[in-house]
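Colleague: I would like to learn how to read surface features and pockets. Please take me through one case.

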Amino acid sequence: MSKPNNNALLINTAITTTFFLAPILYYIHKQKRLNQKQQQYDKERETERAFLYNLTKNPSSQPLRPPLPEIVRNVLVRCRFAYLSTMDVDANSSHLSLMRFTYLPEEEMIVMSTNKYTKKYEMLEKQSGVALLIHDFSEASAEGRGGDAKNHLTGEYSITLNGTCSVIKDVALAEKYRAAHLKNNPDYPQFIVGNDIAMLRVDVAMARICNINDQVIKWNVSEGSS
């Protein structure tokens, strides 16, 4: 009669051990994954820092040509806020607006939206030259882009982009970009969707990239970096 009792004891012991070890093993596995993500993140950031540092010290060694340099593309993909500067031709003054934007890497294009009954829309109807200031705000990282290290905001870079901004008049094309912009900014449909909201596209011609150490790289579409 002792044999069945021994078997039951072994089973109970195995179940107890499993219940005890399962959360520990889960915690160890979770920490391992977090460590791997952190290591990937650190590696990506170190690569970016080295890239910018080397270009700053010897820009002629790595000329940047279109498409946009990788460092610019990475920052544009992970950011959503930009300051848009437009020129008021009539008043001979500038106008500054805080904008949400979406970078479409496959088309090398930045899209934004604006109400048609705004000062910036009125100015963009008269002239197309704009400047965009984009900063990799670290405090905005809660918005995130998943676990990809390239998509984490760092607070290390700011980019000034100069180019041309145009109102997308083609209805089908505007709706295509509106859908992409809304997907990238799902919490702000009030600024993207509506009959009175126009879609804008920015084609970049020049970029100035600055990091927190005040190292600056200049880039333009015809000459690369300088």
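Colleague: In which helix does Ile24 lie?

Modeller: This is a predicted model, in which local features need pLDDT of at least 70, side-chain atom pairs count only at pLDDT 80 or more, and totals for chains, interfaces and linings use all residues. Residues are numbered from 1 along each chain as its sequence is written, and side-chain values use heavy atoms, with hydrogens and water left out. Helices (H or I, at least four residues) and strands (E, at least two) are DSSP runs, numbered from the N terminus. Ile24 lies in helix H1, residues 2-57.

Colleague: Is Ile24 buried, partly exposed or exposed?

Modeller: Buried means under 20% relative accessible area, exposed over 50%, and partly exposed in between (1.4 Å probe, protein chains only). Ile24 counts as partly exposed because its relative accessibility is 37%.

Colleague: How is a pocket found, and what volume has the largest pocket?

Modeller: Rolling a probe the size of a water molecule over the atoms shows where empty space is left. On a 1 Å grid over the protein atoms alone, a pocket is an open set of points where a 1.4 Å probe fits, with protein on both sides within 12 Å along at least five of seven lines; lining residues have an atom within 4 Å of a point. Grid points are joined across faces, edges and corners, and a volume is the space filled by probe spheres set on the points. Here the largest pocket has a volume of about 230 Å³. It is lined by 14 residues, and Leu98, Met99, Arg100, Ser113 and Phe191 are the closest to its centre. Strands E2 (93-104) and E3 (109-115) each give two or more residues to this lining.
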